[in-house]
Amino acid sequence: MRICMMEGPVDLAPEGATWEGIADRIGELAPDLLVTNEMPFGRWLAAFPSYDAALAAESVRVHEAGLEALVALNVPAIVSSRPVPAGARLANEAYALQGGRYTPLHQKQYFPEEPGFFEATWFHCAMDGFEVFEVGGIRLGVQLCTELMFNERARRYGRDGAELIVVPRASGASANRWLTAGAMAALVSGCYVVSSNRAGRTAQGQVFGGLAFAFQPDGEPLAQSSDSESIVTIEVDPARSRAQQALYPCYVRE
């Protein structure tokens, strides 16, 4: 199975030259599954310390347009996330697109609250659960950005039969903690871990660190993006994940 991960540029519009370049490259790589970064289109809402209904509505609209742009890629399966209305705030909803069909997978439940990442101000969870879904022929679970820091969730995904954990991110410049978290998530779950991230500096000066990465089910590195390759493909074998889950430390009971 061929999976594509990417660094998504800041303030990405689902049209125009930048998007067309991304679409062309993904078309050349011809993945079975594309994993995007967290809420890939438009402005990063959590940079603003106060909730703004107009900005929230704008982000919802641009991500709705983004759905059409993603479907037009003609990739068999895509996992991404987008803001959806959820009462007085938004929910950050991970979803799958398969043949143009939209399937909600997960809503983010763990939110930072600090400069650049005032996510608790903007978001809450309206759909509980960390469920496993079959997407594009592989069983996967989603951990949205900060959720990767919680190993118990990754471990449970492995116990529940996942073969892949996808991690759309919008994280800052510090890379080492994310690589450590990705390796540990793979190690404790026996799953492949694939993560895409937002990249670049916004007009307001906020920096996103890029670095898409993938780990093998034994926690060893598989691939990373680079300055020369912001969109990267990997080959995964779900059978390898299933075999790893019978080995240490996955078999150890709580």
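Trainee: Which residues does Leu 55 touch, not counting residues up to four places away in sequence?
Mentor: This is a predicted model, in which local features need pLDDT of at least 70 and side-chain atom pairs count only at pLDDT 80 or more, whereas totals for chains, interfaces and linings use all residues. Residues are numbered from 1 along each chain as its sequence is written, and side-chain values use heavy atoms, with hydrogens and water left out. With contact taken as heavy atoms within 4.5 Å, and with residues up to four places away in sequence set aside, Leu 55 touches Arg 43, Leu 45, Phe 48 and Trp 122.

Trainee: Does Leu 55 count as buried or exposed, and at what relative accessibility?
Mentor: Leu 55 is found in helix 2 (residues 53–71), where a helix is a DSSP run of H or I with at least four residues and a strand a run of E with at least two, numbered from the N terminus. Buried means under 20% relative accessible area, exposed over 50%, and partly exposed in between, with a 1.4 Å probe and protein chains only. Leu 55 therefore counts as buried, its relative accessibility being 14%.

Trainee: What is the volume of the second largest pocket?
Mentor: On a 1 Å grid over the protein atoms alone, a pocket is an open set of points with protein on both sides within 12 Å along at least five of seven lines, a cavity is a set where a 1.4 Å probe fits but cannot get out, and lining residues have an atom within 4 Å of a point. Arg 43 and Phe 48, both touched by Leu 55, are among the residues that line the second largest pocket, as are Asp 11, Trp 44 and Arg 198. Since grid points are joined across faces, edges and corners, and a volume is the space filled by probe spheres set on them, the second largest pocket comes to about 160 Å³.

Trainee: Which residues are the closest to the centre of the largest pocket?
Mentor: The largest pocket has a volume of about 270 Å³. Among the 14 residues that line it, those closest to its centre are Glu 114, Phe 117, Gly 172, Arg 177 and Trp 178.

Trainee: With which residues is Gln 244 in contact, leaving aside its neighbours within four places in sequence?
Mentor: Gln 244 has its place in helix 6 (residues 238–244), and its relative accessible area of 13% makes it buried. Leaving aside neighbours within four places in sequence, the contacts of Gln 244 are Gly 190, Pro 217, Asp 218 and Cys 250.

Trainee: What radius of gyration does the chain have?
Mentor: Of the 254 residues of the chain, 55% count as buried, and the C-alpha trace spans about 50 × 40 × 35 Å along its principal axes. The radius of gyration is taken over C-alpha atoms, and the globule rule is 2.2 Å times the number of residues to the power 0.38. A compact globule of 254 residues would have a value near 18 Å, so there is agreement with that of the chain, 17 Å.
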